[in-house]
Amino acid sequence: LFSWWFFMLIIMSVYTANLTAFMTLSNLGVQIDDVQNLLGQTRYEWGVIGNRNPETLLLTNKNKVYSQIAQKGVALESLEEALERLRNGSFVFIDEGPILRHHLKRRLRHVPHRQ
């Protein structure tokens with residue numbers, strides 16, 4: 001009988017610890033899944049490099065949300081400036097996927113990113 005209570009105590013402790021960790025970690029960051037979330041938050045700045053394909057695509061998109069992303073974002077002059085802002089944190093850099101993957105692997109190993 002004692003072993004049964006001891007087993008239940010261990011199970012309840014593990015469950016409580018996991019529940020606490022889940023509830024604590026799920027509220028730590030801003031969840032950005034789409035451009036609406038990016039526009040609606042104030043924690044992160046974002047930007048695109050001027051006079052390049054991503055900026056043109058955002059500005060000429062029929063969906064006005066995408067043009068707002070380019071208009072309200074930080075005007076970046078170069079890729080080096082964008083990478084430096086990423087290193088400093090609280091910045092979202094919008095560019096073409098292959099370019100981002102290449103530079104994230106080469107220069108920004110410590111910066112978290114989503115594909």
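Start with the charged pairs: a search of the whole structure finds four salt bridges, a salt bridge being a side-chain nitrogen of Lys or Arg within 4 Å of a carboxyl oxygen of Asp or Glu. Before you click on, note that this is a predicted model, where local features need pLDDT of at least 70, side-chain atom pairs count only at pLDDT 80 or more, and totals for chains, interfaces and linings use all residues. Residues are numbered from 1 along each chain as its sequence is written, and side-chain values use heavy atoms, with hydrogens and water left out.

**Stop 1: the salt bridges**

Select arginine 85 and glutamate 45. They form a salt bridge whose closest N and O atoms are 3.2 Å apart. Arginine 85 lies in helix α5 (residues 79-88) and glutamate 45 in strand β1, so this pair ties together parts 40 residues apart in sequence. Helices here are DSSP runs of H or I with at least four residues, strands are runs of E with at least two, and both are numbered from the N terminus. Colour by accessibility next: arginine 85 is partly exposed at 25% relative accessibility, and glutamate 45 is partly exposed at 43%. The cut-offs are under 20% relative accessible area for buried, over 50% for exposed, and partly exposed in between, with a 1.4 Å probe and protein chains only.

Now select arginine 52 and aspartate 95, another salt bridge, with the closest N and O atoms 3.1 Å apart. Arginine 52 sits in the loop between β1 and α3 and aspartate 95 in the loop between β3 and α6 (97-106), so the pair ties together parts 43 residues apart in sequence. Which of the two counts as buried? Aspartate 95 does, at 12% relative accessibility, while arginine 52 is partly exposed at 24%.

**Stop 2: the strands**

Select residues 45-49, which is β1. Four of its five residues are buried. What does β1 pair with? Strand β3 (residues 91-93) runs parallel to β1 over three bridges, and strand β2 (residues 74-76) also pairs with β1 in the parallel sense over three bridges; pairing requires DSSP to find at least two bridges between two strands. For landmarks, tryptophan 46 stands opposite valine 92 in β3, and glycine 47 has valine 74 in β2 as its bridge partner.

**Stop 3: helix α4**

Select residues 64-72. Val65, Ser67, Ile69 and Ala70 are buried in this helix, and their cover includes α2 (35-39), β1 and α3 (53-59), counting contacts as heavy atoms within 4.5 Å.

**Stop 4: the greasy patch**

Finish with Leu1, Trp4, Trp5, Phe7, Met8 and Ile11, which make a nonpolar surface patch of about 720 Å². Patch residues have over 30% relative accessible area and no salt bridge; like charges are joined within 9 Å and nonpolar side chains (Val, Leu, Ile, Met, Phe, Trp, Tyr) within 5 Å. Areas come from the Shrake-Rupley method with a 1.4 Å probe, and for residues only the protein chains shown count as cover. Leucine 1 lies in the segment before α1 (2-25) and is exposed, at 80% relative accessible area.
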